[in-house]
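Hi,

Here is the structure I promised to pass on. Have a look, and my notes follow below.

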Amino acid sequence: MATIAVVGGTGTAGRMVVAEALRRGLEVRSISRRRPAPESPKRIPGADYITADVASGQGLPEALDGADLLIETLDAKSGAALKVLPATSGRLLRAAATAGVRRAVLLSIANAGQADYGYYKVQAARARQYQRATVPTAVIAATQFHDLVAGIFSSGARYGLVPVIRGVSFQPIATADVAGALVDAAMEEGVGSAALHSTRIIGGPEVLTMRQLVGQWKTATGRKGMTTPLPLPGSLGRFLREGGNLVPENTYGTITFSQWLESLAD
Ligand SMILES: NC(=O)c1ccc[n+]([C@@H]2O[C@H](COP(=O)([O-])OP(=O)(O)OC[C@H]3O[C@@H](n4cnc5c(N)ncnc54)[C@H](OP(=O)(O)O)[C@@H]3O)[C@@H](O)[C@H]2O)c1
């Protein structure tokens, strides 16, 4: 049985990847700086939880020892950790090559390279690390997660206002669908004439305006708050208003935002 290392396996996307890889019968090792407590929802029964810091390299060779495949879902949202993220991915790829990992897959963001926005630029720079690695790699570039969109609404609702960024639509995708694409890409090794480095863009099943999304969110959650149109200035606002985050020609996910919201209530 192949062993897969999920680097960032306790995160939002990583947890779904761990679950999906276990479902496919792989030996799963989650790597993160903190080990989740036994009763934590971050821990998926059947996976091994190992601690390592990929940014410093501490514990990394031991964590990757014996791994055949790797999926990176590591992230940093701001500050110095974000700045060094491309170097962190580079360090991970070199350690993977040393450990004899046969294939490494990165989760990135759809069209990140087209945005003139710091966080997206970092994600694009990470993807470039994968495109020049010595091990075979794949990059899966996904649209925004359902969790992210719902998170924007619920953070605002705490203050009585549910923000709707003017002129912006999303094509959100379920992390379960993203996990399926990532594990598929990791297991593609040796299939046909697979390229040394490949990139696949995946989007959610439908494009909806923020106003439509907020309507579905309010109906499903019963949360209150005044729907409040807001401008988003700057390069990120421009990118989103121009639909840079949308990939209607790359529809992949099957779970709609409303179906995902319903599943949370189960
Ligand atoms: N959110 C979206 O809508 C969206 C859409 C498309 C793509 N993506 C991409 O998906 C990726 C994952 O995002 P996410 O929101 O799932 O991330 P997340 O929830 O913040 O999880 C990050 C994971 O990385 C681990 N980690 C962070 N720094 C580490 C380090 N130095 N060494 C080892 N482990 C480390 C964290 O655990 P510890 O903190 O315990 O180390 C955690 O397991 C990102 O690259 C993001 O750009 C996100």
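α4 passes α5 in a right-handed crossing (the near helix is turned clockwise from the far one by less than a right angle). Helices here are DSSP runs of H or I with at least four residues, numbered from the N terminus. Before going on: this is a predicted model, where local features need pLDDT of at least 70 and side-chain atom pairs count only at 80 or more, while totals for chains, interfaces and linings use all residues. Residues are numbered from 1 along each chain as its sequence is written.

On the α4 side, L85, P86, S89, G90 and L93 make the contact, and on the α5 side V122, A125, R126, Q129 and Y130 do (in contact means C-beta atoms, placed from the backbone, within 7 Å).

The other pair is α1 (residues 12-23) and α7 (residues 175-187), packed at about 60° with axes 8 Å apart. Axes are lines fitted to C-alpha atoms over the stretch in contact, and angles run from 0 to 180 degrees between N-to-C directions. α1 also passes α7 in a right-handed crossing. T12, A13, M16, V17, E20 and A21 of α1 meet T175, A176, V178, A179, G180, L182 and V183 of α7.

Skipping neighbours within four places in sequence, I4 is in contact with residues including A21 of α1 and A186 of α7.

Cheers

Notes: Helix = DSSP H or I, 4+ residues; strand = E, 2+ residues; numbered from the N terminus. Contact = placed C-beta atoms within 7 Å.
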